Amino acid sequence: MVHFLHPGLSPRTIVPPDARKDVLGFLVVQEDASPYSLVNICLNVLIANLEKLCSERSDGTLCLPEHWCFPQELADRFVWLMTRQGKLTDRTASIFQSNRMKLKLVNIQKAKISTAAFLKAFCHHKLIELDATAVHTDLSIPDILSGLCSNSWIQENLRRLILDSTSIPRDSRLLFFGQLTGLRVLSVFNVCFRSEDLANVSQLPKLESLDISNTLVTNISALLTCKDRLKSLTMHYLKCLTMTKPQILAVIRELKCLLHLDISDHGQLRSDLAFHLLQQKDILPNIESLDISGSNYITDGAVELFIQQRPAMQFVGLLATDAGYSDFFSAKKGLRVAGGANISQISEALSCYRNRSCFMKEALYRLFTETFSTQITMPAILKLVAVGMRSHPLDLPVQFTGSACALNLTRQGLARGMPVRLLSEVTCLLFKALKTFPHYQQLQKNCLLSLTNSRILMDVPFDRFDAAKFVMRWLGKHESPKMQAMAVSITSILALQLSPEQIAQLKEEVFMAVKELLAIVKQKTAENLDDVTLLFTLKALWNLTEQSPAICRHFIENQGLAIFIQVLETFSETAIQSKVLGLLNNVVEVKELFPKLITEDMVKHISSLLHSKDLEVSYLAAGIIAHLTSDKQPWISCDLQRTALLQDLYATIQKWPSSSCKMTALVTYRSFKAFFPLLGNFSQPEVQLWALWAMYHVCSKNPSKYCKMLVEEEGLQLVCDIREHSEADPQAQQIAASIVDDFKMYFINYQRPSLC
């Protein structure tokens, strides 16, 4: 049988053929499309707060409260989650020293713990399974075996031991497995495991499943010792084997109990062992699963004949061979094929070979070709791509090809049919690959392309801070116009999703991005080209400058005002005008910049746009005038012009429809604080009136957001003050009263009793 790995199943668990699709469906539908389990939520909270909840021993290790007691299943899951999150260390592993933790199935894959910590934390428990794959070199295989054998119960009852890619000191000789008399499953894949170790292991009285792939074994004759009990033998890429083909086949012929045999090969070895095996008629009579992927000289005819002579066959591995393409393989009932001929075979290969990078990259390449123009949503396949990328984070071909497959599977509308959590996992893996391979351009392009997907960019949780940093740096690379346009559009959206504090942390990247964006605007204006890139560029600048005085200053220092005046003189489209005015509204909120903004060209264009037939353009122009005229000081030499602007502003607002009128949702605010100086300016009712109209408008569009903001920022009291002030403008009082009265039910939920 082939072994299908699943978080809820132990590696090397045999899954019946009919149940396999159900398991894969459960994996995607239940795990990725459903809420997190309450158990996992609780354990994750516990892990995040271990330092607070635990006491500290004299040696600096942690100890759980005395009254805490974990049932076995919960304790096992606790270890696994800590390991997966990289939180299992010498300091934290000590919480498992207590007998109140009943461990049975322990998974410490890739954990960084010492021998001493391992012995104290785990070797006194009644373990029946241990997965110590690729643990830190501080914990070697001899130390693991010594610790396990120090417990007589474990010696007799440990059934499964996985030591893949775990270290062995150079001075070590024989590995002593002999005391683990209850062992049924052993895996030493990619370990310095020799022929003499195999001889020792073969004598284990209950051994049924053995994986010696990519080891230093030169002779497998010792397997004859366990020929009457060995049911599963995996020896993928056994590169040091010195036996002749007839000698190897003679040993295999004696293993009459074998149900699963894996002699798949790495492409570099170019072995023909499988070719010779398929010619044998009197071999492996009971075999159910045969893996010969990567082998040479394999043909459809030879494989078909072999399977027909063995009716119990349920699985065959044919990836990276010339076989698997005939109708026989899709027509035979109950036969699963891991290959590259079609999506079903590729899916099987991705599932089977998730831990073998040589086959994972081959399967991903075949998947990329198969899904290049797919229009079918395949969440189960995307999940397998994610698993492969997570399993091989340092393998560039896997990461690059995986990113390309992820693009194929989520392009256009396909992402809408994917679970959000799965999309989040894939997106996070893409950015992890970016950090691992920062200089690989095509991988960066794939990540950029993934972010152009609106479903991912708007709905999926991922680190938007890191994403913005990457995209803004990409802007400075002067790539093709198409890639530049994508980077601009992503920047425009990410900028709105970051807080002002986060944008401030990205000061270097944002300053560089603003320069690049202004260069794009300047070029498009010179070419008189009002394309979508220009619109996204203006939107990006608008969003980056919101509540960011430093960015606004940088905009002015880099000739931003002159460039934007040129835009207004070149283009008359309202979509462009509104974005230009939106950014200038952000800039005029920085009072120190007033002297640089009050220019003849600026005043001329803003005055003209105040009378635009487009309400949004008129509204935004009015906002600029309200802010600029709120302070008399910069206008000392041209006070008459300021007075005329205020009169024009007041008259224009009178012509606007009700403040609850429809206006495009592009006008949004993160804060009302920039409005407060205008609300308190009773000597200039014109600016007060604009601020009140703006507040009423956005509150009517999104009352739950803006009414709460008005209360929390203490702006409601200013509105109340206008309503009650004896010298306030009557129309301003009317709008202030409307704000208080019309949204009273919302304010009740947020305001303090003393307010209004």
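Trainee: Which residues does Leu 451 touch, leaving out those up to four places away in sequence?
Mentor: Leaving those neighbors out, Leu 451 touches Phe 431, Ile 456, Leu 457, Phe 462, Ala 467, Val 471 and Ile 490, where contact means heavy atoms within 4.5 Å. This is a predicted model, in which local features need pLDDT of at least 70 and side-chain atom pairs count only at pLDDT 80 or more, while totals for chains, interfaces and linings use all residues. Residues are numbered from 1 along each chain as its sequence is written, and side-chain values use heavy atoms, with hydrogens and water left out.
Trainee: And is Leu 451 buried or exposed?
Mentor: Leu 451 is buried, with a relative accessible area of 0% (buried means under 20%, exposed over 50%, partly exposed in between, with a 1.4 Å probe and protein chains only).
Trainee: Where does Leu 451 sit, then?
Mentor: Leu 451 is in helix H19, residues 441–451 (helices are DSSP runs of H or I with at least four residues, numbered from the N terminus).
Trainee: Changing topic, how many residues has the largest nonpolar core?
Mentor: The largest nonpolar core has 151 residues, and Phe 564, Trp 690 and Ile 739 have the most contacts inside it (such a core is a set of buried Ala, Val, Leu, Ile, Met, Phe, Trp, Tyr and Cys residues joined through side-chain atoms within 4.5 Å). Helix H34, residues 685–701, gives this core its largest share, 11 residues.
Trainee: What lies apart from it?
Mentor: Another core, of 98 residues, lies apart from it, and among its members are Leu 145, Val 188, Ile 248 and Ile 263.

Notes
Helices (H or I, at least four residues) and strands (E, at least two) are DSSP runs, numbered from the N terminus.
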